[in-house]
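Morning, everyone. Please have a look at the structure first, and then I'll walk you through a few spots.

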Amino acid sequence: MADILHRVGITAPRDTVFQALTTVDGLAGWWTTDTKGSGDDNLQFRFGDLGGFDMKVLELQPGTRVRWEVVDGPEEWIGTTVTFALKQEGEWTIILFAHEGWRERVEFMNHCSTKWALFLMSLKSFVETGTGAPHPDDVRISDWH
């Protein structure tokens, strides 16, 4: 199995970051504007003609941890988990991000790693300034978007 891992610091309280990860409005502010569902049950993320993902919320620990399981989307994603672990270090909320359980390293994983990094920077901008870069306003990195 293979995993995508990132570490990002945000100069905002953990509770503010947690809200951006657990509410439809928060998620739509940094990942994709086409976000639906319930932040504590199931979430649907759509990326226009690129498709999308359905997530089952597995874990919510206020201010410290959010964990989802991918239940629908590209074959490579189904059954994987996405975790945002939060900790406070001075003025920084540190996000330890993991997209875990990829069955094998495939080219799509490379693409997703780069896109996750961009969306995590969008999350940082959204929380710190109020303006993120969610899809469809995200950075295109290749012919896969």
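Is the crossing of α1 and α3 left-handed or right-handed? The crossing of α1 and α3 is right-handed. Here, left-handed means the near helix is turned anticlockwise from the far one by less than a right angle, and right-handed means clockwise.

Some ground rules. This is a predicted model, where local features need pLDDT of at least 70, side-chain atom pairs count only at pLDDT 80 or more, and totals for chains, interfaces and linings use all residues. Residues are numbered from 1 along each chain as its sequence is written, and side-chain values use heavy atoms, with hydrogens and water left out. Helices (H or I, at least four residues) and strands (E, at least two) are DSSP runs, numbered from the N terminus.

Back to the helices. α1 spans residues 14-22 and α3 spans residues 107-129. They pack at an angle of about 125°, with axes 10 Å apart. Axes are lines fitted to C-alpha atoms, for helices over the stretch in contact, and angles run from 0 to 180 degrees between N-to-C directions. That angle makes α1 oblique to α3. The cut-offs: under 35 degrees is roughly parallel, over 145 roughly antiparallel, 65 to 115 roughly perpendicular, and the rest oblique.

Who makes the contact, meaning heavy atoms within 4.5 Å? From α1, T16, V17, A20 and L21; from α3, L123, F126 and V127.

Next, the aromatics. The structure holds 19 aromatic pairs. Rings of Phe, Tyr and Trp (its six-membered ring) pair if their centres lie within 6.5 Å; planes under 30 degrees apart are stacked, over 60 edge-to-face, and the rest tilted.

One of the pairs is W31 with F53, and that one is stacked: 6.1 Å centre to centre, 5° between the planes. W31 lies in the loop between α2 and β2, and F53 in strand β4, so the pair ties together parts 22 residues apart in sequence. W31 is buried, at 2% relative accessibility. Buried means under 20% relative accessible area, exposed over 50%, partly exposed in between (1.4 Å probe, protein chains only). F53 is buried too, at 10%.

Another pair is F45 with W68, tilted, at 5.5 Å and 40°. F45 sits in strand β3 and W68 in strand β5, so this pair ties together parts 23 residues apart in sequence.

Last stop, T32. This residue is in the loop between α2 (24-28) and β2 (34-37). T32 is buried, at 0% relative accessible area. Leaving out residues up to four places away in sequence, T32 touches L27, F45, R46, F47, P134 and H135.

Key: Contact means heavy atoms within 4.5 Å.
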